[in-house]
Amino acid sequence: MARLLLLFLPGLVAICAVHGIFMDRLASRKLCADDECVYTISLARAQEDYSAPDCRFINVKKGQWIYVYSKLVKENEAGEFWAGSVYGDQPEDEMGTVGYFPSNLVQEQHVYQEATKEVPTTDIDFFCE
């Protein structure tokens, strides 16, 4: 399914055709290290394998390093999920792919910045190509 994505930059408006789908939101709020959620919160190590149930999530293998960028605020009976990307040496590690994973899957090894900024999630947080 193709969607149009509008990008607004100072003095420039760009319209891009995007192929993908907006999935259901896992949460309405997230915790980040900064207001834009661009800084890495922590580096975590996977304690077990995890197979992504859909395109919002990432596959993780036990022992892999994951950079954590945001932590979804748990709502109702939903699980607690964090967003991050796998860091690995092999192409099959899906390095650079950002997605969600259960927070109980990992153990934080190094905290770069505390996740103290609570911001709303957006549709793009749950967009799948």
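The largest pocket holds about 420 Å³ of space in this predicted model. A pocket is an open set of points on a 1 Å grid over the protein atoms alone, with a 1.4 Å probe fitting at each point and protein on both sides within 12 Å along at least five of seven lines; its volume is the space filled by probe spheres set on the points, which are joined across faces, edges and corners. The lining comprises 16 residues, and those closest to the pocket centre are Val98, Gly99, Ile124, Asp125 and Phe127. Lining residues have an atom within 4 Å of a point.

At least two lining residues come from each of β6 (65-72), β8 (98-102) and β11 (127-128), and β8 contributes the most, with three. By class, ten lining residues are nonpolar, two polar and four charged (nonpolar: Ala, Val, Leu, Ile, Met, Phe, Trp, Tyr, Cys and Pro; charged: Asp, Glu, Lys and Arg; polar: the others, Gly among them).

The chain contains eleven strands and zero helices (DSSP runs of E, at least two residues, and of H or I, at least four, numbered from the N terminus). Of its 129 residues, 36% are buried (under 20% relative accessible area, 1.4 Å probe, protein chains only). The accessible surface amounts to about 8100 Å², 52% of it on carbon and sulfur atoms (Shrake-Rupley method, 1.4 Å probe). Among contacts (heavy atoms within 4.5 Å) with a separation of 6 or more, 61% join residues 24 or more positions apart.

Residues are numbered from 1 along each chain as its sequence is written, and side-chain values use heavy atoms, without hydrogens and water. Local features need pLDDT of at least 70 and side-chain atom pairs count only at pLDDT 80 or more, whereas totals for chains, interfaces and linings use all residues.

Notes:
Buried means under 20% relative accessible area, exposed over 50%, partly exposed in between (1.4 Å probe, protein chains only).
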